[in-house]
Amino acid sequence: MKPRFFIFVPLLIGFLLAIAIPQLSNGDRRDEHYKAEREKMVATQMDWRIVRDGRIGVKDKRVLEAMRRVLRHEFVPDSQKSHAYSDSPLPIGYDQTISQPYIVAYMTELLKLKKEHKVLEVGTGSGYQAAVLAELVHHVYTIEIIKELSESAKKRLKHLDYENVTVRFGDGYYGWEEHAPYDAIVITAAPDHIPPPLVQQLKPGGVMCIPVGGRFQIQNLTLVQKTADGSIKTKQMMPVRFVPLTGKH
Ligand code: SAM
């Protein structure tokens, strides 16, 4: 056999493979990278078999699936994208943060959500928690007190096709009476007491998850349950650190 043949055949095979195997674009490669990051985030930060720093792992499969689905990197500023799936809160501007993934998943699990539920969130921030909720329920109403954050979250959620989320600019201490009562309410900023209007807007049988504690005190993530007869039971779940609930109340 001639030596030219030895060069020609591998070159031909290489060429055929190059046209046969679909090439990944830069965008596809980036999506694959973030998908792998999300898988890793769920496996290492919230698995119930791994108990770290006194954490209680998240068991609810639907919640874990939602955490795998929501593109967290779309909810953080460009400067934070490389940290989007790390085990920490991140700055989103205006002195505010997007919560740590584990806290988002844990609070979501506490709400025991069903497909037909209507949920109120106070503290839209980036819109990430609202998107996780929107993966699980019929509709999410979310209120944000900083106008710029409220507007950017609204645009982001629309761009990502979250049609079952309605964002409003305002003071969430007073809830959103127009759409009440809610099956569940989640508050992602800490007041020093449980806002009575939010208790009032919760359905009998509904649950609220809220960090409670003053600016310089330890805050407790509190689960509030409204019983069928309208009475309230509270349970402190764990110490947390959230930005304060602001406003004029
Ligand atoms: N849930 C957000 C996310 O997924 O990005 C993170 C929320 S951040 C920890 C708390 C948010 O609550 C901030 O954006 C803050 O401006 C907002 N906030 C504080 N007080 C509020 C109030 N009274 N009503 C509505 N939003 C409030």
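**Ligand contacts**

I began with Tyr-128, where a backbone N or O atom lies 3.5 Å from an oxygen atom of the ligand. I kept in mind throughout that this is a predicted model.

I then looked up the nitrogen atoms of the ligand, and found one 2.8 Å from a backbone N or O atom of Gly-172, and a nitrogen atom 2.9 Å from a polar backbone atom of Gly-123. How much of the ligand does the protein bury? Taken alone the ligand exposes 600 Å², and I noted that the protein buries 99% of that.

**The shell around the ligand**

**The largest pocket**

I next checked where the ligand sits, and the space it takes is the largest pocket, for which I noted a volume of about 760 Å³. The lining of this pocket comprises 40 residues, and those nearest its centre are Thr-97, Ser-99, Thr-188, Phe-242 and Val-243.

I looked up the classes here too, and the lining has 20 nonpolar, 14 polar and 6 charged residues. The elements that each supply at least two residues of the lining are S2, helix H4 (101-110), S3, H5, S4 and strand S9 (232-240).

**Backbone geometry**

I turned last to the backbone, with the reminder that most residues other than glycine have a negative phi, and most peptide bonds are trans. Against that background I noted Tyr-94, which has a positive phi of about 55° although it is not a glycine, and I placed Tyr-94 in the loop between strand S1 (90-93) and S2.

Which peptide bond did I record as cis? The bond from Ala-180 to Pro-181 is cis, with omega near 5°, and Pro-181 is found in the loop between strand S5 (165-169) and strand S6 (182-187).

Key: Residues numbered from 1 in each chain as written. Predicted model: local features only at pLDDT ≥ 70, side-chain atom pairs only at ≥ 80, totals over all residues. Heavy atoms only, no water. Polar contact = N/O pair within 3.5 Å; in protein donor to acceptor, adjacent residues only side chain to side chain. Areas by Shrake-Rupley, 256 points an atom, 1.4 Å probe, with all protein chains shown as cover. 1 Å grid on protein atoms, 1.4 Å probe; cavity = no way out; pocket = protein on both sides within 12 Å on 5 of 7 lines; lining within 4 Å. Sits in = over half its atoms within 2 Å of the grid points. Points joined across faces, edges and corners; volume = space filled by probe spheres on them. Helix = DSSP H or I, 4+ residues; strand = E, 2+ residues; numbered from the N terminus. Nonpolar A, V, L, I, M, F, W, Y, C, P; charged D, E, K, R; others polar.
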